[in-house]
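Dear colleague,

Please read them with the model open.

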Amino acid sequence: MAAPLTLLVIVAVTIRAVLFRSSLAELISERVEVVSPLNSWKRVVEGLALLDLGVSPYSGDVFHETPLTIYLYHFVIDYAEIVCMIADGITAVALYLAVQVYNKNVFRKQKYALEADRYPHDCLELMQTPKELFYVPLKVAMFYLLSPFTILSCVAKSTCGINNAIVALFVLCTIKGSALLSAIFLALATYQSIYPITLFAPALIYLLQRLYIPVNLRRQSFWLFTLQYAFMFVGSLVVIVGLSFFLLGSWDYIPSVYGFILSVPDLTPNIGLFWYFFAEMFEHFRLFFICVFQINVFFYTIPLSIKLKDHPVFLMFMQIAIISIFKSYPTVGDIALYMAFLPVWSHLYRFLRNIFMVSCVLLACSALFPVLWHLWIYAGSANSNFYYAITLLFNVGQVLLVSDYFYAYLRREHHLSHGLYLKKKDGSEATLVLK
Amino acid sequence: MPTLTLASARSPFRDEFAEELAIRPLHSGDIHASFQFRTVWGVDLLQATDPRFLRYAILPREIVCTENLTPWKKLLPCGSKAGLAVLLKSEKLFHSSYFSQAVHIRPVCQGMHCTVPSWEMRQTLNVVFDLYTSGQGKREWSMFKIKIYVDVTDSPQGELFELSPPTPLLSQAVVLGDRRTYSVYDLTDPGTFGKVRSLNLLVRWKADNGDMLRPLLHGERYVAGFGLQTGEIHTLIYNNHPYRAFPVLLLETVPWYLRLYIHTLTVTSKNRENKPSYIHYQPSKDRLRPHLLEMLVQLPPNSVTEVTVQFERALLKWTEYPPDPNHGFYVGSSVLSALVPSLVAMDTNITQEHPLFSSFFLCKEESSYFMRVYTEPLLVNLPTPDFSMPYNVICLTCTVVAVGYGSFYNLLTRTFQVEEPSQSLAKRLANVIRRWRGVPQL
């Protein structure tokens, strides 16, 4: 499978190179859907220019990157385009390898379960065949590299590409089973933006499963491994934070980076829900609603972990999706990451209820974003409500997509344990509902 | 502070007041009138001033109104009841093409020894009267201790305008590097009045146009770009000196909601890049402090220097917009300060009597004078949210979050079950009765 992957990477690099050389590159790097105050390349250049002028980049409110990334960009500022393309390539290859290993595990488990006769006899059509499992990793890499969202994000030189690369490497290390590397990449991802800390739970569950330690709060082996993993994660995070302190000599970056992400002072429009809500907020409710919105991102971790404790990779997908939808400054680059996982669940297609409507909504909204932005900002004939409405619709579409896949996954699991063709008491065909 | 011995053999210093009016007919037919008032107190008003700290504040939007003029007039010792201030009628003043009033307070030295600091307050009011809206100057006044200077440099033989009554008194002064000739009407001299107790000054124009000398340093500022997302501030600095280059200090304070990108700062003179010799930049903090940019730029002779910087417009919270949000936000002027080399040698003997308008800044150096120029304030539009929407936005956004929460809640707390059809109401009632009767149900 190396040849198709190489061909795919070459095609992706060609598309990006062509767009970099065209006049669209300038246009795309200013689009608010593609860059946010957190990952705009213009702000990185501004921060480095401030550093050259002898002013700390964190003394103003224009630069919100972490100090280690300043160090990285200082060296690569002239090769930004190549770095973005390499980051995309790393993400795609990491996801490819991760999904390959995961599919092998899935197939092996399925084989053992079939031999042990654990599935009802009418469930054979739900089984995943080797043929479809063979092409899934390539589809994942294709979904990521050739997705218009990713291409736009790369051409804009948004630093979201590098964040995605770190998360993808974390997924790879977790699925391969290396606890230390997984903890290090998770610490890096958390250091970049706080939200990946919720991925601690699925990674922990997966590693426990891999080591055949049951997820039982009363067992000592569970706590032993949890403490080990937590110690590795917290230790790497402390080392990275300490390195950042020594790099610039002050703790200024903590309110500038993490305070900025959590308290949302900048109301630049983006594709998320936060900006207009806090632009129109009554002042005395502001703190309350900031807390509500931030808790909303972290809140689903525990319930999802309890429900999906036997399916940690799906849990990881759900968590990445929830972070991308509900984070404070989302961009299309974050969306591209969780959408890259969708081919892994392509066997759920028969149970998806809203997929046609959701895909229409997402396509239509993606097309309407630039139109309504132009009408508001340049033509002056629309106002902010138009853009806000499309934001709402886009987020509803994403939420429906993720919950649809969740429904389909749970339904398939139910059928695998209870049989595919269910009958009511009187023998007629039954309908399944959630009760 | 060292203590002063009161037993010194100097005369006690009294408070002083002086006022004068300088009239300059312009080539376009307008009249520029400059009222100068100077009050000096012989006491030390403020005990300690540390000259190292400079506080700078600017209020870019100020409506021109009598509420600004009245308290200013009250600062004069006789208010508006006597002296030149009688002429300051607000209806006439605010129907002019240009109006400017200022108050300057500073410590000054009296005499060469500077033993006692005294405080001087200068009030200046400059008005340019439009020829057609304010008519000819027919004024009647009577007062003492003032002088009226009429600038006749442009019309020495009377070819541009004619001044009546003519006066033999002529005085020369160097104002802003330019040697001007003035006809002086000294109202303390009874010979000016003649038999009547009033002076009727008449200026009659003869020619229509002419060429005015351009100032050696002036600046312009404007915003370029389109749309409500980004823009560029362009500052143009003109150096009209024919052969001398001089440095100018440019101070810009830009409010925080125009986010400046200092890496896009370019300074070009004569189509070539002109790197500033000194840049001090303090970036803004949202809702706390504005951007502060100070640069020392060398202006080549006879050139235009353009300073451009890109900015991005921020979306503010709905409560932070002023009552008319689509009018725009005012950005304060930038300040150009320079020691401009003079075309004419200046006389810096401070004991000699000078008109008030030329003695504000006295320099030691013979051939340059200090000038501070303010550019125009800018009016910048920011994107606005819809102000009628706070409740709607809260409801709609919380609805979307609730849709997400509801879907996840259902999938997390409920399990799949086979659906049993529910019986109709009639059958259920019948079953209740049957159970009570002990009979098998439907």
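**Notes on the model**

In chain A, helix H5 (residues 80-115) has 36 residues and at 1.5 Å a residue should span 52 Å, which agrees with the 53 Å between its end C-alpha atoms; helices (H or I, at least four residues) and strands (E, at least two) are DSSP runs numbered from the N terminus, and the expected span is 1.5 Å times one less than the number of residues. Just after H5(A), A:Asp117 adopts a positive phi of about 60°.

This is a predicted model, in which local features need pLDDT of at least 70 and side-chain atom pairs count only at pLDDT 80 or more, while totals for chains, interfaces and linings use all residues. Residues are numbered from 1 along each chain as its sequence is written, chains are lettered from A and ligands numbered from 1 in the order in which they are written, and side-chain values use heavy atoms, with hydrogens and water left out.

The structure holds six cavities of 30 Å³ or more, a cavity being a set of points on a 1 Å grid over the protein atoms alone where a 1.4 Å probe fits but cannot get out, with lining residues having an atom within 4 Å of a point; the volume is the space filled by probe spheres set on the points, which are joined across faces, edges and corners. The largest cavity contains about 320 Å³ of space, and of its 23 lining residues the closest to its centre are A:Asn163, A:Ser193, A:Pro196, A:Lys327 and A:Asp334. H8(A) provides the largest share of this lining, five residues.

The second largest cavity has a volume of about 70 Å³, and its lining includes A:Glu46, A:Asp61, B:Arg259 and B:Tyr281. Two or more residues of that lining come from each of helix H3 (41-53) of chain A and strand E13 (258-269) of chain B.

On the surface, A:Leu7, A:Val11, A:Ile15, A:Met142 and A:Leu146 form a nonpolar patch with about 380 Å² of accessible area together (residues with over 30% relative accessible area and no salt bridge, nonpolar side chains joined within 5 Å; areas by the Shrake-Rupley method with a 1.4 Å probe). Helix H1 (residues 2-21) of chain A gives the most to this patch, three residues.

Over all chains there are 16 salt bridges, each a side-chain nitrogen of Lys or Arg within 4 Å of a carboxyl oxygen of Asp or Glu. In one of them, A:Asp88 pairs with A:Arg16, the closest N and O atoms being 2.9 Å apart. Because A:Asp88 lies in helix H5 and A:Arg16 in helix H1 of chain A, this pair ties together parts that are 72 residues apart in sequence.

With best regards

Notes:
On a 1 Å grid over the protein atoms alone, a cavity is a set of points where a 1.4 Å probe fits but cannot get out, and a pocket is an open set with protein on both sides within 12 Å along at least five of seven lines; lining residues have an atom within 4 Å of a point. Patches are made of residues with over 30% relative accessible area and no salt bridge: like charges are joined within 9 Å, nonpolar side chains (Val, Leu, Ile, Met, Phe, Trp, Tyr) within 5 Å.
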